[in-house]
Amino acid sequence: MGKTLRERAQALIEIAHPDDRVELIRQAKEAKMIYADQIYFAESGHLYPDKIACSHRFKDTLTVRFRAIKPSDEEEMRRLFYRFSDQAVYYRYFSPIKTMPHKKMQEYVNVDYRYTMSIVAIIDESGLGKIIGEARYVKTQGEPFADTAFVVDEHYQGMGISTYLFNLLLRAAREEGIAGFKADVLENNRAMLKVYEKALYPVQTVLSGGVYKITIPFNES
Ligand SMILES: CC(C)(COP(=O)(O)OP(=O)(O)OC[C@H]1O[C@@H](n2cnc3c(N)ncnc32)[C@H](O)[C@@H]1OP(=O)(O)O)[C@@H](O)C(=O)NCCC(=O)NCCS
């Protein structure tokens with residue numbers, strides 16, 4: 001309910017057997033139900049980490065569901081992007097991005113759950129799932145630490161959602177054998193710095209040109 005035809009087609013494909021998805025994607029493209037250039041990583045169906053899914057009640061008022069991102073989240077992630085203030089966009093992307101086209105967003109939501117992990121925070125609003133936050137790590141091959149990034153809808157900030165996302169992301173990263181997290185955070189982004197400071201691991205920070213270079217090695221607790 002409340003989804004576009006494209007979102008429905010994608011959501012149905014996501015619950016089909018992973019071995020059938022390549023053919024379903026092909027047919028959905030042929031029927032012009034999904035974008036002709038829709039990306040699909042055949043292996044991602046088998047790698048999707050169901051076990052991340054959980055829910056948590058914040059401040060006794062808001063129940064939030066968490067799960068790994070799916071390709072069918074593209075429209076919802078775009079809606080989240082367009083709700084951001086200019087400041088949130090700048091803090092997240094370090095530049096004043098105004099638009100989030102399909103090409104860019106579909107690359108963002110199609111992840112391999114290994115080198116790139118993304119977890120979304122969802123609330124149910126009038127029976128519809130609404131994404132209100134997202135956190136991810138991206139590990140480049142050959143690098144021991146993964147880059148991290150967070151964003152939470154401004155209406156729901158300060159409730160502990162990022163902190164919770166951070167811990168889910170940390171658990172997933174440890175299970176993948178990642179040695180630590182790193183991040184670049186603008187000097188005046190106190191909320192983000194606070195989330196990292198609360199990590200169970202010692203946080204190393206270096207300030208350079210208005211940006212904190214943060215590293216959190218997991219082996220030093
Ligand atoms: C940074 C961000 C992800 C934090 O999300 P959040 O869900 O509000 O974070 P939490 O509620 O888990 O924790 C935020 C902490 O910062 C504190 N905080 C919030 N604003 C603050 C401020 N201006 N100064 C100091 N502390 C602040 C909160 O009190 C909280 O600390 P507490 O748990 O000790 O009370 C969110 O503000 C955001 O989306 N910002 C825009 C995008 C961004 O900056 N991304 C980070 C770069 S990758």
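Which residue in S5 is the bridge partner of Ala135? The points below take up this pairing together with its surroundings.

1. Basis of the note. The model is a predicted one, in which local features need pLDDT of at least 70 and side-chain atom pairs count only at pLDDT 80 or more, while totals for chains, interfaces and linings use all residues. Residues are numbered from 1 along each chain as its sequence is written, and side-chain values use heavy atoms, with hydrogens and water left out.

2. The bridge partner of Ala135 in S5 is Phe150. Helices (H or I, at least four residues) and strands (E, at least two) are DSSP runs numbered from the N terminus, and two strands are said to pair if DSSP finds at least two bridges between them. S4 pairs with strand S5 (residues 145–152) in the antiparallel sense over 6 bridges. The hairpin formed by S4 and S5 has 6 residues between the strands, and Gly142 in its turn has a positive phi of about 90°.

3. Strands S3 and S4. An antiparallel pairing over 10 bridges joins S3 and S4, with Thr116 standing opposite Val138 in S4. Because 8 of the 11 residues of S4 are buried, this strand is largely enclosed by the rest of the structure; buried means under 20% relative accessible area, exposed over 50%, and partly exposed in between (1.4 Å probe, protein chains only).

4. Arg136 within S4. Arg136 lies in strand S4 and is buried, with a relative accessible area of 7%. A polar atom of the Arg136 side chain lies 2.7 Å from the backbone oxygen of Tyr108, and the side chains of Arg136 and Glu134 make a polar contact at 2.8 Å. A polar contact here is a pair of N or O atoms within 3.5 Å; within protein, one must be able to donate a hydrogen and the other to accept it, and residues adjacent in sequence count only if both atoms are side-chain atoms. With neighbours within four places in sequence left aside, the residues in contact with Arg136 (heavy atoms within 4.5 Å) include Ile69, Arg92, Asp147 and Leu169.

5. Lys32 has a positive phi of about 60° although it is not a glycine; Lys32 is placed in the loop between helix H2 (21–30) and helix H3 (44–47) and counts as exposed at 72% relative accessibility. Ser126, also not a glycine, has a positive phi of about 50° and lies in the loop between strand S3 (116–125) and strand S4 (128–138), in a hairpin with 2 residues between the strands. Ser126 is exposed, with a relative accessible area of 69%.

6. Nonpolar cores. A nonpolar core is a set of buried Ala, Val, Leu, Ile, Met, Phe, Trp, Tyr and Cys residues joined through side-chain atoms within 4.5 Å. In the largest such core, which has 58 residues, Ile161 and Phe181 touch the most other members, and helix H7 (residues 161–175) gives the most to this core, with 8 residues. Apart from it lies another core of 5 residues, among them Ala9, Ile25, Ala28 and Ile34. Leaving aside neighbours within four places in sequence, Ile161 is in contact with residues including Phe58, Ala121, Ile132 and Val152.

7. The ligand. A backbone N or O atom of Phe150 lies 2.8 Å from a nitrogen atom of the ligand, a polar backbone atom of Val152 is 2.8 Å from a ligand oxygen atom, and a polar side-chain atom of Lys194 lies 3.2 Å from an oxygen atom of the ligand. Taken alone the ligand exposes 950 Å², of which the protein buries 74%; accessible areas come from the Shrake-Rupley method with a 1.4 Å probe, and for residues only the protein chains shown count as cover.

8. Strands S6, S7 and S8. Strand S6 (residues 180–186) and strand S8 (residues 211–217) run antiparallel and are joined by 7 bridges, with Asp184 opposite Lys213 in S8. Strand S7 (residues 204–208) also runs antiparallel to S8, over 5 bridges, and Leu207 has Tyr212 as its bridge partner in S8. The hairpin of S7 and S8 has 2 residues between the strands, and Gly209 there takes a positive phi near 60°.
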